[in-house]
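Here are my notes for a first pass through this one. Have the viewer open and follow along point by point.

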Amino acid sequence: MNAVKQNWVEIRLRELMTLPDGWGVEEGREVYHKLLGRVEAHPEASVFRVSLGGVRRTDVSFPRESVIELAHRFRAQKGFCLWDVSDENLVENWDAAALKREQPLFVWSRKGCRLLGPKPSAGLRKVLDFALEHDVITTTQVASHFRWTTSNASNKLRALADSGYVLRREQTAPTGGIEYIYQRVR
Amino acid sequence: MSGVAPHDKNVDHAVIRVAANVSIMVDAAVRLLSLLNQLAASTRRVVLEFENMDGAMGYLNRIRFFELLSSDVVVKPRRPSVSMGALRKGQSAGLVELERINYGARAKRLPTKLAERLGEACSERTDEKELTDAAFTVFSEIIDNVYSHVYEERQNELDGFVALQVYKNGNTAKVVVSDSGKGILHTLRPTLTDAKLQRLSDTELVVEIFRQGLSRHGNNRGCGLKASADSAIKYKTQLDVRLPNCVVHLIPARGTYEANTAYCRENMPLLWGTHLCFDFRLGN
């Protein structure tokens, strides 16, 4: 079942799979289309929490062709993250798939988060760590926190969004102009 | 057939004799099955002749060999009247009988079945669960690769095959995945654009296919064989790769497969396809 809370939607991957073990390009593409249907059914949602509860095993091709391909397609507009991942072998295979597609993917648990796929440069990493501590951040907040120029902070946030680490949205600034806000994928 | 290979263009009649005292291991059985079906598909008259109906013939019957053998192949003295593989399918702890890999009939549970049967055979290992999960990755990626080839090479209507056999005395389990396509080197080489890769020998290129995940489909694909090898290497699994004209035996060293620890035999008799045999150790 999909539960809509705030601007995120939960998708239980197991419900889209035939068996608890997912494998292969073909099944990955079948699940991709089912996922796409869920995403299109919730245009208001910006984040999709993909629960791996009940998924026993996957290879590398299955996640690459399903969740990770979808995350790549919607990069910077909509975010996809994983929940309920307890198995290290699953994590390894999803990490390999994310690396192959060059698409970052966060795994969340009550203890915090883990980044799968490509890692940001050291310069971007500390901005990402700061972003992960907040639901949304602005350029002004980052510039103030790190004592950088607004331009420098803006470039780094833009780079993180373009690479798929955070989401980027427009909102009206108190001054009346357009301001970008950056949202963590959680 | 002495002095000539069965696929030679002048051969129109092939007889393969199996002596009475011969034992056939599962990897040899699967390659033999592929060869016979290839020969039969190329309109040659093919005879498989056993000196007696026990021994090797009994084992081949147990693994469903004759069910999957082309009906155009003549078996002497005669084909078994009952398939013991069909009769006792799934009843032996150390065996997964031959399964067909055919794109039109995808066996969704096959990688799970192979991995769990291997896990059961390794139940004395402390890392049985991890091994089973890694084996699932190995088998699913390799089998998926075969499905992809069968689909893409539409002109190739020959099935691929999978089987598993545990050899307790040898402390090993062999898992065989075999197809009758063009072979990974034949399909990959024409698509290579990197000059360094183009200069590699067959052995070196096979190593790189499993180490880097090279794919004729470009960078977004090709993780299958690499993922498969990465999972296999964790358990010191040896990998035998029979290609149309050579065989490369990969032995893990320093956490990877390397060209300088691989054995290669070239100028082998033609056998179409890619025939992989993973050798898993049963004990820690």
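1. How many bridges pair strand 8 of chain B with strand 11 of chain B, and in which sense do these strands pair? There are 3 bridges, and the sense is antiparallel, with strand 11 covering residues 263-265. As one example, His249(B) sits opposite Tyr263(B) of strand 11. (Two strands pair if DSSP finds at least two bridges between them. Strands are DSSP runs of E with at least two residues, helices are runs of H or I with at least four, and both are numbered from the N terminus.)

2. Before going further, some housekeeping. This is a predicted model, where local features need pLDDT of at least 70 and side-chain atom pairs count only at pLDDT 80 or more, while totals for chains, interfaces and linings use all residues. Residues are numbered from 1 along each chain as its sequence is written, and chains are lettered from A and ligands numbered from 1 in the order in which they are written.

3. Back to strand 8 of chain B, residues 247-250, and its two faces. (Buried takes 20 or more other C-beta atoms within 10 Å of the residue's own, exposed takes 12 or fewer, and partly exposed lies in between; C-beta atoms are placed from the backbone.)

4. Strand 8 of chain B also pairs with strand 7 of chain B (residues 238-242), antiparallel again and over 4 bridges. A hairpin of 4 residues links strand 7 to strand 8. Look for Arg242(B), which stands opposite Val247(B).

5. Now find Arg189(B), in the loop between helix 7 (184-188) and helix 8 (195-198) of chain B. Arg189(B) counts as partly exposed because it has 15 C-beta neighbours inside 10 Å. From its C-alpha atom to that of Val241(B), 52 residues apart along the chain, the separation is 16 Å.

6. Chain B has another sheet to look at, an open one with 3 strands in the order 1-2-3 and parallel pairing. Its edges are strand 1 (13-18) and strand 3 (74-76), each pairing on one side only. On average, neighbouring strands are turned by 15° against each other, direction ignored. (Axes are lines fitted to C-alpha atoms, for helices over the stretch in contact, and angles run from 0 to 180 degrees between N-to-C directions.) Strand 2 (residues 45-50) is joined to strand 3 by 3 bridges, and Leu48(B) has Val75(B) as its bridge partner there.

7. How is chain B divided into domains? The assignment gives domain 1 (1-89) and domain 2 (90-281); such bounds come from an automatic or database domain assignment. Taken over C-alpha atoms, the domain centres are 23 Å apart. Domain 1 puts 21 residues into the contact and domain 2 puts in 24. (Residues are in contact if their C-beta atoms, placed from the backbone, lie within 7 Å.)

8. On the domain 1 side of that contact, helix 1 (26-41) and helix 3 (65-68) of chain B are the elements giving two or more residues. Helix 1 has the largest share, 10 residues. By class, this side has 11 nonpolar, 5 polar and 5 charged residues. (Ala, Val, Leu, Ile, Met, Phe, Trp, Tyr, Cys and Pro count as nonpolar, Asp, Glu, Lys and Arg as charged, and the others, Gly among them, as polar.)

9. Between the chains, 19 residues of chain B are in contact with 18 residues of chain A. On the chain B side, helix 5 (110-121), helix 6 (128-152) and helix 10 (223-233) each give two or more residues. Helix 6 gives the most, 10 residues. That side divides into 6 nonpolar, 6 polar and 7 charged residues.

10. Over in chain A, the axes of helix 5 (residues 122-132) and helix 7 (residues 150-162) come within 10 Å and cross at roughly 80°. The two helices are therefore roughly perpendicular. (That label covers 65 to 115 degrees; under 35 is roughly parallel, over 145 roughly antiparallel and the rest oblique.) Among the residues that meet here are Leu124(A) and Leu128(A) from helix 5 and Leu157(A) and Leu160(A) from helix 7. The contact has 7 nonpolar residues, 1 polar and 1 charged.

11. Last stop: strand 4 of chain A (residues 47-51). Strand 4 pairs in parallel with strand 2 (residues 8-12) over 5 bridges, and Ile11(A) stands opposite Val50(A). Strand 4 also pairs in parallel with strand 6 (residues 79-83), over 5 bridges; there Arg49(A) has Cys81(A) as its bridge partner.

Definitions and conventions
Two residues are in contact if their C-beta atoms, placed from the backbone, lie within 7 Å.
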